[in-house]
Amino acid sequence: MDAEADAIIYKAEGSDVAGLYSEVRSYLQPLHGLLGFESKDNKLKTTAQIHGLAKRYVSFLGRLLKVSCNNLTKGISTSETQQDRADELFKTLKLALDCFDALRPCLVGSPHEIEVQRYWMVRRLMTWKRFTEAREECWVTLHSLKFNVFCKEEKGKKEVAVSARKGTARKKEVGASSVRKKDAASSVRKIKESENDKDGVNLYGEQAGGADSGLVGLVLGLVTDLVICTGESKLREAKEYRKVLVLIDQLAPWQRVSDKNTIEKHRSMLFKGLHKCALFMATKPSYFDPKLTRTFGLLALDNCSCSSVKDQFLKVTCGICHQLVSGGPDLSSIVVDICKFSLSTIFKDAQ
């Protein structure tokens, strides 16, 4: 790497990171067109040129990602100085990940490695109590998995099936000699455009059986942390909670291919998020349909009963019922349903 790159890495490792994002963005100027930034370079990018950019920047981006991540494990505090430092590092981290996304066709290794790194950032955001940002990044990462892993796997299977039916060999793709800037834009831009999908994200459970343990853990972790961040963010938009339910409803195939210890741990964390959501919804009955609040309450108890915190089941039940009673008469029927479910679960476990 050149002297400018070394200076940036050195700064990213230190305690004074003011201006780091601007310096990194300036250094990565040749990539601006691929990232969708305003750029003076409006020339077409050939495949060879994109590979050249990857060769030039991938090593730098890898080092930047590593040192920025390490720096975010230090000095975690609510003080203004530390929060400003975290702002700079998180912006830099997101930029580095977006660059990797833009250069994804030129990268080798695991097809979901970028999503793994994004998930690491989600965990750091949660450590810094930035739950709103973490929730947004969970959605970005899930959409990225959809476009860059699940859909490609699905497309590959369909192409093989079509080829087999026709009895012809698959034709090799011929790369275009040049790619327009808008066509070479990063996957992140596609992800943001898809965030308004009314059906949310399809977790493609049919692919769980052939997935490696890393992808299985990534899917379970992302959905779990999304639930936790939704509860911690104290959102008042019911549609956000319904989107979460759509994901939870698709978890079963991914849970089935995990070992017992992993599932128990996963359910414990999922319970934590669902419990947080249910309690908050009970305190804001004017914002949520009682049926939606009931669903979160029952899901929280169901996951509690199958997790490592099942010894707290009765305590959790009483806590949810108390909060529901405090929420007014509209929630009284939910209390009855919660109690019935709890008694049924207790009797079942006693047999």
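Glu232 sits partly exposed, with a relative accessible area of 24% (buried is under 20% relative accessible area, exposed is over 50%, and partly exposed is in between, using a 1.4 Å probe and protein chains only). Its salt-bridge partner is Lys276, at 3.8 Å from N to O (a salt bridge puts a side-chain nitrogen of Lys or Arg within 4 Å of a carboxyl oxygen of Asp or Glu). The pair links distant parts of the chain, 44 residues apart, with Glu232 in helix H9 and Lys276 in helix H12 (residues 260-283). Lys276 is partly exposed too, at 33% relative accessible area.

A word on the model: it is predicted, so to speak of local features takes a pLDDT of at least 70 and side-chain atom pairs count only at pLDDT 80 or more, while totals for chains, interfaces and linings use all residues. Residues are numbered from 1 along each chain as its sequence is written, and side-chain values use heavy atoms, with hydrogens and water left out.

As for the overall layout, the protein chain has 15 helices and two strands (DSSP runs numbered from the N terminus, with helices being H or I of at least four residues and strands E of at least two). Of its 351 residues, 47% count as buried. Among contacts with a separation of 6 or more, 76% come from residues 24 or more positions apart (a contact means heavy atoms within 4.5 Å).

Back to the charges. Side chains of opposite charge can pair when their charged atoms come close. Searching the whole structure turns up 16 salt bridges. One of them joins Glu137 to Arg118, at 3.8 Å from N to O. Glu137 lies in helix H7 and Arg118 in helix H6, so this pair ties together parts 19 residues apart in sequence. Glu137 counts as buried at 10% relative accessibility, and Arg118 is buried at 2%. Helix H6 also supplies Arg123, which forms a salt bridge with Asp225; here the closest N and O atoms are 2.7 Å apart. Asp225 is in helix H9 (residues 213-233), 102 residues from Arg123. Asp225 is buried at 2% relative accessibility, whereas Arg123 is partly exposed at 33%.

Helix H1 (residues 3-13) has Ala5, Ile8, Ile9, Lys11 and Ala12 as its buried residues. Seen down the axis, these fall within an arc of 160 degrees, so they line one face of the helix (the arc is that of the directions from the helix axis to the C-beta atoms). They pack against helix H2 (20-27), H4 and H5. On the face turned away from the buried side, H1 carries the exposed residues Ala3 and Tyr10.

Then there is the largest pocket, with a volume of about 570 Å³. It has 26 lining residues, and the closest to its centre are Gly109, Ser110, Pro111, His112 and Glu113. (On a 1 Å grid over the protein atoms alone, a pocket is an open set of points where a 1.4 Å probe fits, with protein on both sides within 12 Å along at least five of seven lines; lining residues have an atom within 4 Å of a point. The volume is the space filled by probe spheres set on the points.) Helices H4 (47-71), H5 (80-102), H6 (113-127) and H7 (131-166) each supply at least two lining residues, and H7 gives the most, with five. The lining divides into twelve nonpolar, seven polar and seven charged residues (Ala, Val, Leu, Ile, Met, Phe, Trp, Tyr, Cys and Pro count as nonpolar, Asp, Glu, Lys and Arg as charged, and the others, Gly among them, as polar).
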